[in-house]
Amino acid sequence: MTPTYYLLLSALLFTIGAVGVLVRRNAIVVFMCVELMLNAVNLSLVTFSRINGGLDGQIMAFFVMVVAAAEVVVGLAIIMSIFRTRRTASVDDSNLLKY
Amino acid sequence: MTGTINLAAEVQQASGVANLAWLLLVLPAFGAAVLLIAGRRADKWGHLLGSATVIGAFAYAVLLFFDTTSLAADDRTREAHLFDWISIHSLNVEFGLRLDPLSLTFVLLITGVGSLIHIYSIGYMSDDRDRRRFFAYLNLFVSAMLLLVLGNGFVTLYFGWEGVGLASYLLIGWYQGKDFAATAAKKAFLMNRVGDVGLALAIFLMFKNMGSTQYSVVFDKIGEQSTGVIVAIGILLLLGACGKSGQFPLQAWLPDAMAGPTPVSALIHAATMVTAGVYLIARSNPLYSLPQAEDARLVVMIVGAVTLLIGCVIGCAYDDFKKVLAYSTVSQIGYMILAVGLGPAGYAFGILHLLTHGFFKAGLFLGAGSVMHGMNDEGDIRRLGGLAKKMPITFITWTLGYLALIGFPFLSGYFSKDAIIAAAFSEGGSRGWIFGGIALLGAGLTAFYMTRLLILVFLGKPRWENLKSEDGRAYHPHESGWTMTLPMIVLAVGSVGAGAILSGVLPEWLAPTLGELVEEHGPLSHTVIAILTVAISAIGAGIAFALFGRREQPVTRPQRVSFPVRAARADLYGNHLNEALFARPGVWLTRFLVFVDNRGVDGLVNGIAAGLGGSSGRLRRLQTGFVRSYALSMLGGSILVIAALLMVRFA
């Protein structure tokens, strides 16, 4: 069991999440991709923790989960209110705040 | 030359009567404040209050004078501390009064002649709706002038100096409605500024090199300074004196200042303010007496000599009653400046001439005012004539002043002017001959133009009989009222007697301030010089009589005249000179600076602003509102940061 595979998996998940954030228009999907990136980071944190033999990384992963949970609450609420006013969840349509 | 005369060490504290010396400043200032603030309500009694404050100040001055004479000669220099005026770091300017023979002499002159002219003004200005305001300005002037002579430091002097400048400006421009009066006021103010810059720079130099501007400290330490500093201060002070006293090359404002009412011309522009320059140099005598200040004194003498000639020559050509007297003032102050430039041999004579001149020139001006008052304000002497019979008191008092001015034996001018001429000759060597010769020539020219004035105004045919004044009225010359004749009589008495009385006692009285009078004997004895002066004056008067007294004079001034007369009529091109040398280059400089300001400075400032505005307008375009592009840029930024970190790590 080498940590390299876990790190590779983590990098793969992060890349999928990042590409998803950049290319998808639906706000919900973008949001899920953000979660994917967060969890990819969690995975690498836990892996590094395991490599170093300490618990710091695992504790950090819990913090990230808590923050992600709070973020989901706020983020979904925003997406909901945007959808209610505009009848769309596309991030490209919410472009009023510009030059 | 004698060495340094140290006067600063023996300053006493004022006590007794002298403790009230602040009254001298406060009385006229109070009068001015009341008259200006009360406004029209004070119209009925304003002139009385205005005169009363000055007469009160004069009464106190007399008291103070006798108080001082009762002291021993060494104790007569006293200072009264009033308050600390400016106290910042090492600069400590004390507001105090210096009561010494020199300042007391001036105080008596200012309040004495001032009182007479206030009384005269009651009559002279009786037709003016704003007589109250006139008296307020006169009081303001007296107060400022007293501060000028009483201050115990150069900064207090400067305060008074500017105060009299303001009063002079207000009073020259009294007839605001007339263009020439407003212009003359501005001209006087501006030309005075030129001199004031010199005075201010001199004060800065004193503070820089001696750490103080109080007389006591400055005169104490001036001997330790380098020759360069002493000469620089001496010449800068002279520049200040030139501005205030109408000396070459700043003489052109004084004749124009005659646009003001005649009492103003008499008080400010003949007897007191214009002599402030002489006071300044006499006051700074510890500086000018230094052997290192030789060059500065030479410049003073040259300025005095040049001015006295210029004044005389131009005075011969003018046809305006008051302007001739004004140029005469310029030339007589030239004599005073020449005298104080002579150093210890001349200080006292300069002040003596200043006092006698204060009497007779004020008298002459008041006489001129009386003539103009009776002649519908006609000032062109070619339109006057034969007024002796119509105005006997004016004629007699004016003639006495005239005789005093030309140095008729045993009248005032004889004692003071002869003394200056003799002192100039005693300078020795070629300098003595040159300055003495110029002074002597000036005496002859003075006699010439004054006699011309006397003949054209008071003697000869009454040329005004068939003329009308500008406003279409016929002339009805009449003697003026008692408020006007009384001061003229008093001043005439002074013109006759002042010289004889003062010439004996004044040098000794002023010795505590000006040092002992050094009597030097030149190549000519005093008797010879006295005879020469009287003879040359007599020749001048004789030529004038031959030219103007024996045939009838035209009413309009002849146009076809020789070059010297044309030059003199054009003020010896003094105005042209100023115009060409200073005014025009000044205008060019201003235009150039405006150009630099518009194109250079404004261009830079506006260019930076426009550049920033334009570039930020372009940067703004990056904010597209397209959320995924923000995400991309965040990702790019993160990659850059990580790449940088890795490069540092593995470099």
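Trainee: What share of the 99 residues of chain A count as buried?
Mentor: Keep in mind that we're looking at a predicted model. To count as buried here, a residue needs 20 or more other C-beta atoms within 10 Å of its own. In chain A, the share that gets there is 12%.

Trainee: Why is chain A described as more spread out than a compact globule?
Mentor: Start with the make-up: chain A has 3 helices and 0 strands, in the order α-α-α. For 99 residues the globule rule gives 13 Å, and chain A is well over that, so it's more spread out than a compact globule, with a radius of gyration of 17 Å.

Trainee: And what box do the C-alpha atoms of chain A fill?
Mentor: Take it along the principal axes. The C-alpha atoms of chain A then fill a box of roughly 50 × 25 × 25 Å.

Trainee: How do α2(A) and α3(A) run, roughly parallel or roughly antiparallel?
Mentor: Helix α2 of chain A covers residues 27-52 and helix α3 of chain A covers 56-86, and their axes come within 8 Å. They cross at roughly 175 degrees. Angles over 145 count as roughly antiparallel, so α2(A) and α3(A) are roughly antiparallel.

Trainee: Moving to the interface, how many residues of chain A on the side that touches chain B are nonpolar?
Mentor: 11 residues of chain A are in contact with 11 residues of chain B. On the chain A side, 2 are charged and 2 are polar. The nonpolar ones number 7.

Trainee: In chain B, how are α16(B) and α18(B) oriented, roughly parallel or roughly antiparallel?
Mentor: The axes of α16 (392-406) and α18 (429-458) of chain B come within 9 Å and cross at roughly 170 degrees. Residues making the contact include Phe395(B) and Tyr402(B) of α16(B), plus Met450(B) and Phe458(B) of α18(B); by class it has 8 nonpolar, 2 polar and no charged residues. With that crossing angle, α16(B) to α18(B) is roughly antiparallel.

Trainee: Which peptide bond is cis, with omega near 5 degrees?
Mentor: Look in the loop between α8 (227-245) and α9 (253-256) of chain B, where Pro249(B) is found. The cis bond runs from Phe248(B) to Pro249(B).

Trainee: Does His89(B) count as buried or exposed, and what about its phi?
Mentor: His89(B) sits in the loop between β2 (78-88) and β3 (91-99) of chain B. Its phi is positive, about 50 degrees, although His89(B) is not a glycine. With 5 C-beta neighbours inside 10 Å, His89(B) counts as exposed.

Trainee: Which class does Asp377(B) fall in, buried, partly exposed or exposed?
Mentor: Asp377(B) is in the loop between α15 (347-374) and α16 of chain B, and has a positive phi of about 60 degrees. With 14 C-beta neighbours inside 10 Å, Asp377(B) counts as partly exposed.

How values were computed
Residues numbered from 1 in each chain as written. Chains lettered and ligands numbered in written order. Predicted model: local features only at pLDDT ≥ 70, side-chain atom pairs only at ≥ 80, totals over all residues. Contact = placed C-beta atoms within 7 Å. Nonpolar A, V, L, I, M, F, W, Y, C, P; charged D, E, K, R; others polar. Helix = DSSP H or I, 4+ residues; strand = E, 2+ residues; numbered from the N terminus. Rg over C-alpha atoms; globule rule 2.2 N^0.38 Å. Axes fitted to C-alpha atoms, helices over the stretch in contact; angles between N-to-C directions. Parallel < 35°, antiparallel > 145°, perpendicular 65-115°, else oblique.
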